[in-house]
Amino acid sequence: MNCIRNVSEDHDNAANFQIHELIQLLHSNLVAKSKNCTDPALRNLFMLNNNRYIELVARYGPLKTLLSEEWTQKQTSRVHRNIRKYTGCSWNKVLNLIKKSESMAPNVESMRLFNIYFSDICKLQNCFIADKGIRESMQRSVNKILLPQYEKFIGRFKDVHGKDVVDMYVKYGMSDIEDGLYYFFHGSDLEKRKSFMAAHSHNVVNRFLASVQPQR
């Protein structure tokens, strides 16, 4: 894209290049390379970062004129599509579990699965979104969806099972979920993420040990 941008600065040279075809070839190569990622979320993340970079470079004056506004809008649509797909692949498993529990009383197994799913996402996925604006926008979007649903989820769980069971099985409070999402969307801070996950694993073990202590 940087080479294409440089070519676009020279109108005589630019006229001899099929810029639309070059970018389409680049995109086809990226799609092929993305298939090396077996995880659908990481595959869409790869395409998101690359399509966003293409979009930004294409906004450069001379190149923007050569590509046309219609092409730019199509590229922006690609970026938005990658965002939707990536968010869905990453978080649908957690969100679907919470939504499923709305039609029935949340049980210990559903809480246990939520803890596993949320922990796995935060530990295993390296969410490196190059564009700061998109990263922050996606974080706000997931916060807006997940936080109120999780609050209702643990509220129903407490109503059904009582405080003692909540203390034993609810691994994450509301502020913990917010922290986890922050570390997820700021994936370069790996040490903080590891400390966050290790601390919560330790807390759950302590709760369990406390629950099985013999009565005096």
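User: Which residues do ring pairs link into a cluster?

Analyst: This is a predicted model. In it, ring pairs join Trp91, Phe114, Phe118, Tyr150, Phe153, Tyr172, Phe184 and Phe185 into a cluster.

User: How many aromatic pairs does a search of the whole structure find?

Analyst: Nine aromatic pairs turn up. Take Tyr150 and Phe153: their ring centres are 6.3 Å apart and the planes sit at 50°, so this pair is tilted.

User: Where do Tyr150 and Phe153 sit in helix α8 relative to each other?

Analyst: They are three residues apart in α8, which covers residues 132–161. That separates them by about one helical turn.

User: Why does that spacing matter for direction?

Analyst: An α-helix has 3.6 residues a turn, so residues three or four places apart point the same way.

User: Are Tyr150 and Phe153 buried or exposed?

Analyst: Tyr150 is buried, with a relative accessible area of 0%. Phe153 is buried too, also with 0%.

User: What about Tyr182 and Tyr183, what kind of pair is that?

Analyst: Tyr182 and Tyr183 make an edge-to-face pair. The centres are 5.6 Å apart, with 75° between the planes.

User: Which other residues of α10 are buried?

Analyst: Along with Tyr183, the buried residues of α10 are Asp176, Ile177, Gly180, Leu181, Phe184 and Phe185.

User: What span should α10 have, and what does the model give?

Analyst: The twelve residues of α10 should span 16 Å at 1.5 Å a residue. Its end C-alpha atoms are 17 Å apart, which agrees.

User: OK, the core. Which residues touch the most other members of the largest nonpolar core?

Analyst: That core has 34 residues. Trp91, Phe114, Phe118, Leu146, Tyr150 and Ile177 touch the most other members.

User: Which helices supply at least two residues of this core?

Analyst: α4, α6, α7, α8 and α10 each do. The largest share comes from α8, with nine residues.

User: Switching to charges. How many salt bridges are there?

Analyst: The count comes to six salt bridges. One of them joins Glu55 to Arg52, with the closest N and O atoms 2.8 Å apart.

User: Where are Glu55 and Arg52?

Analyst: Both lie in helix α4, residues 40–58. They are three residues apart, about one turn of the helix.

User: Which residues are linked with them in a network of salt bridges?

Analyst: Arg59 and Asp131 are. The network holds Arg52, Glu55, Arg59 and Asp131.

User: What about Glu109 and Arg112?

Analyst: Their side chains meet in a salt bridge, 2.7 Å from N to O. Both lie in helix α7, residues 108–124, three residues apart. Glu109 is partly exposed at 38%, and Arg112 is partly exposed at 39%.

User: Which residue forms a salt bridge with Asp167?

Analyst: Lys163 does, with the closest N and O atoms 2.8 Å apart. Asp167 is partly exposed at 32%, whereas Lys163 is exposed at 51%.

User: Last topic. How many disulfides does a search of the whole structure find?

Analyst: Zero disulfides.

User: How accessible are Cys37 and Cys89?

Analyst: Cys37 is partly exposed, with a relative accessible area of 25%. Cys89 is partly exposed as well, at 38%.

Notes. Residues numbered from 1 in each chain as written. Predicted model: local features only at pLDDT ≥ 70, side-chain atom pairs only at ≥ 80, totals over all residues. Heavy atoms only, no water. Phe/Tyr/Trp six-rings, centres within 6.5 Å; stacked < 30°, edge-to-face > 60°. Helix = DSSP H or I, 4+ residues; strand = E, 2+ residues; numbered from the N terminus. Buried < 20%, exposed > 50% of the residue type's maximum accessible area, 1.4 Å probe, protein only. Salt bridge = Lys/Arg side-chain N within 4 Å of Asp/Glu carboxyl O. Disulfide = S-S within 2.5 Å. Core = buried A, V, L, I, M, F, W, Y, C linked by side-chain atoms within 4.5 Å. Expected span 1.5 Å × (residues − 1).
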